[in-house]
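This briefing goes through the fold of one protein chain, from the overall figures down to single residues. Please keep the sequence and the structure at hand while reading.

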Amino acid sequence: MHYFIGDLGHLFVILSFVASLICAYAYWKAASVAGETKDQWLKNARVAFYAHSAAVLGVVFSLFTIIYKHYFEYHYAYSHSSLHLPGQYMISCFWEGQEGSFLLWIFWQALIGLILIKSQRQWEAPVMVVFGLVQAFLASMILGVVIPFLNIKLGSSPFILLRDAMDDPIFKLQPDFIPKDGSGLNPLLQNYWMVIHPPTLFLGFALTLVPFAFCIAGLWQKKYADWIKPALPWALLGGAILGLGILMGGYWAYETLNFGGYWNWDPVENAVYVPWLVLIASIHTMIIYKNNQTALKSAIILNIAVFVLILYSTFLTRSGILGDASVHSFTDLGLSGQLLIYMLFFTLAAIVLATIRWKEIPTTEKESSIYSREFWIFLGATTLCLMGFQVLLPTSIPVYNRLIEFFGGESNLAPPADQIGFYSKFQLWFGVLVALISGTGQFFWWKRMDKGTLLKELAYPALISLIVFAIIISLARVYEPVYLVVTLAGVYLIVSNLKVLASVTKVNASLSGGALAHIGVGMMLIGVMFSSGYSKVVSLNNTGMLISKDLPTEFNRDNLLLFINEPRTMAGYEIEYLGERVEPRNVNGYVSKNDIDLTMDPFKVVAKKDILFKGRKILNAKDTFEINPENTFYEIELRRNGEVTAILYPRVQINPAMGGFIASPDIKRNVTRDLYTHVSLPMNREEEPEWSEMEEIRTRINQQFFVNDYVAVLEGVTRITQIEGFELSDADVAVQAKIKVTGERDTYYAEPIFLIRDRSQVGRLPSEINDLGVKITLLNIHPDTNEFSLGLNTRQKDWVIIKAMEKPLINVLWLGTGVLMVGFSMAMVRRFKEFTRKAG
């Protein structure tokens, strides 16, 4: 039992919590006094925050040590890691659980706090008070201590022992019992995106604290407007990182899940999307004030709202309140009350402070003209907020239900059944409004406008947009009225911002970030419209026969049944299913299940022969190599005019944590469209297949015979001394036949075993060739005639049911996300340089 590392980690958690409270108090004193006393309090506060940060690093080190060294006596290591987990995914175990993800959040905020201490001397004290309090609340989430007498538990510790977390009889009999292996990381999360997506998302969460802290500091210190300049670059960085995290999640969903898209409007997805929209709105209001000293109150409200929404999203996803409404939400660890207090504390504190200072906040009496840039930016910010509000209300239905039940009422409100259809029909029109406002508003940014000037400026972009729009709808055959509007809005946003980009670049290229970001949004709008609106199923069942009368009509219509090595036609391709494959770890390629022997360890298999992949040898015969046994890949070959154009390997994963099997697509990527293919229904290997009655034949070595219409030949029979899973004594006799069967595309080998134990008991171990639907049993040996009796059973050949969709112009969406991030980055760098220059 490795008690020391757990005790050390728990000590570090307590130190981080206490140090953050001391830090908050010391910074509060420093912000409230002046002179030498202030300097002394600042020194004390910095020491406290440095101690807090060091303690956080200690917690991170302790937890990762427990995970990496497989100390399964700890509940966190047992629940999230295993001996067979690949090394590159070990780090993902760190944040798979609630405690680890809280720790990741704390780590990022500690790092940001250190940067602020060094770079924001003028704002250090009031800003770091907010940081200290937030860090204290987050640290309390992983404290895992019980307050005496009150019997109140604070947080859930990642360092709790397995015996304390599980009520299992074995721990009463053997308190020091340590499992040999852990439960392992959810196989669905064993993906490179899950290594980088959560840290990016939590860095985005952490960055939203910075503008909130500056805003609160400004209200507290009565520097009502001064906080905008230092906060704006951090808000831009937060918007970029949080947006990048959301996009990474969307791309992971597209590559890994099988719902056919990248955004499912799941409540957890919505809980991150809404704060991001409001954050973008707050950035625009901050820009308005910085340039024209208007919309300061709006900037304050929105900056507070962003952080509160981040806390609300944390409450939604971690309190267990969503229940079955989301597949992404965490189970309740008893932290719901703590999370609620955390959210309400900062919400009420911010509202009270803003209310007290409200009348003192400077406002302008100047009314914004419709021809002013402030009007258009504010209009865009308002649209973004309404866009978020429309998503927030239905997402919060489980909260309304719980609230009504708390007060003794009953509520049967349910989230939308068709989430994608419900949210998309509203968000689509909001997207059009954002595009039209952004496309037009950019012209006001760089020039003074009146009615005549505006019409002149809009004339060329409008004309070019209409021409490009006409070309697109003619070539792509867009006829749906809603899609026509979306396409026109996206094209207009791109064209108008290209004009602005050309003008701005001539003056100062560093000013082009906003135009680039808006161009990216326009490209995303067009990419979403085509890839979702004109996505079509191409795996249509045109045989005139039902796949199964027990399956729904839609399933029978949209899916294709493929028997192994029997070509079919689909979407201009000749498509052929070639069999089930496994993927070796640390080797690039796939291996047929027919070419491996299983071992007692499900994660290890042995190659029966030299393994070739794409013409190169990747494994030698008799090599033992590791696989992920829960994953089966289905090799599907696409041909056009007799030439192979692609080989796809869609995956089926046996995943009890996700309710059974999970199908992941493989994608044939083209410039203009993706062919998105996944398995809809695999063969159930757990069910006993319906074999035909055994046919008995007698044959000799090198004599041909037929099995299931395939030519077979008995190549030899040899004595063996080892059988996997059996212990043979000296008195036992075991022989193994080697039978070659020639299939349509490959040569297969069956190796049935005939066993005599204790000179009297006869045993037979048949050999199956799944691809061909053949089972061969060595029934008897006839030494007098040099013949061998074989039992032949046949069944239906292996099959798989697939669904394939075409996703037109989806690369426009991905390219648009890249352009958006470049634009964000340019704007952020410019604002940081601008602030640094003025501060210096």
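Two strands are taken as paired if DSSP finds at least two bridges between them. By that rule β26 pairs with strand β27 (residues 774–782), since three bridges join the two, and they run antiparallel. The model is a predicted one, and the points below are grouped by topic.

**The chain as a whole**

- The chain has 840 residues, and 54% of them count as buried.
- Its secondary structure amounts to 21 helices and 29 strands.
- Taken along the principal axes, the box filled by the C-alpha atoms is roughly 110 × 75 × 55 Å.
- The accessible surface is about 39000 Å², and carbon and sulfur atoms account for 59% of that area.

**The four-stranded sheet**

- β26 and β27 belong to an open sheet of four strands, in which the order is β19-β28-β27-β26 and the pairing is antiparallel.
- At the edges lie β19 (695–699) and β26 (767–769), each of which pairs on one side only.
- On average, and with direction ignored, neighbouring strands of this sheet are turned by 30 degrees against each other.

- Strand β20 (residues 704–707) and strand β21 (residues 710–719) run antiparallel and are joined by four bridges.
- Gln704 has Val713 of β21 opposite to it.
- The hairpin made by β20 and β21 has two residues between the strands, and in this hairpin Asn708 adopts a positive phi near 55 degrees.
- β21 is also joined to strand β22 (residues 733–742), by eight bridges, and these two run antiparallel.
- Arg719 has Val735 in β22 as its bridge partner.

- Ile300 sits in helix α12 (residues 296–318).
- Is Ile300 buried or exposed? Its relative accessibility is 0%, so Ile300 counts as buried, the limit being under 20%.
- Leaving aside residues up to four places away in sequence, Ile300 touches Cys215, Leu219, Trp227 and Ile361.
- Ala225 is 75 residues from Ile300 along the chain, and the C-alpha atoms of the two are 9.6 Å apart.
- Helix α15 (residues 397–406) has Ile397, Pro398, Val399 and Asn401 buried.
- The buried residues of α15 pack against α12 and also against α14 (373–395).
- After α15 comes Gly408, which has a positive phi near 90 degrees.

**A buried arginine**

- Arg651 is part of strand β15 (residues 651–655).
- Which side chain of opposite charge is nearest to Arg651, and how far away is it? It is Glu583, at 6.4 Å.
- Arg651 is buried but has no salt bridge; a salt bridge needs a side-chain nitrogen of Lys or Arg within 4 Å of a carboxyl oxygen of Asp or Glu.
- Apart from residues up to four places away in sequence, the contacts of Arg651 are Leu188, Thr256, Asn631, Thr632, Phe633, Ile662, Ala663 and Ser664.

Key. Residues are numbered from 1 along each chain as its sequence is written. This is a predicted model: local features need pLDDT of at least 70, side-chain atom pairs count only at pLDDT 80 or more; totals for chains, interfaces and linings use all residues. Side-chain values use heavy atoms; hydrogens and water are left out. Axes are lines fitted to C-alpha atoms, for helices over the stretch in contact, and angles run from 0 to 180 degrees between N-to-C directions. Buried means under 20% relative accessible area, exposed over 50%, partly exposed in between (1.4 Å probe, protein chains only). Lys and Arg count as positive and Asp and Glu as negative; His and the chain ends are not counted. Contact means heavy atoms within 4.5 Å. Accessible areas come from the Shrake-Rupley method with a 1.4 Å probe; for residues, only the protein chains shown count as cover.
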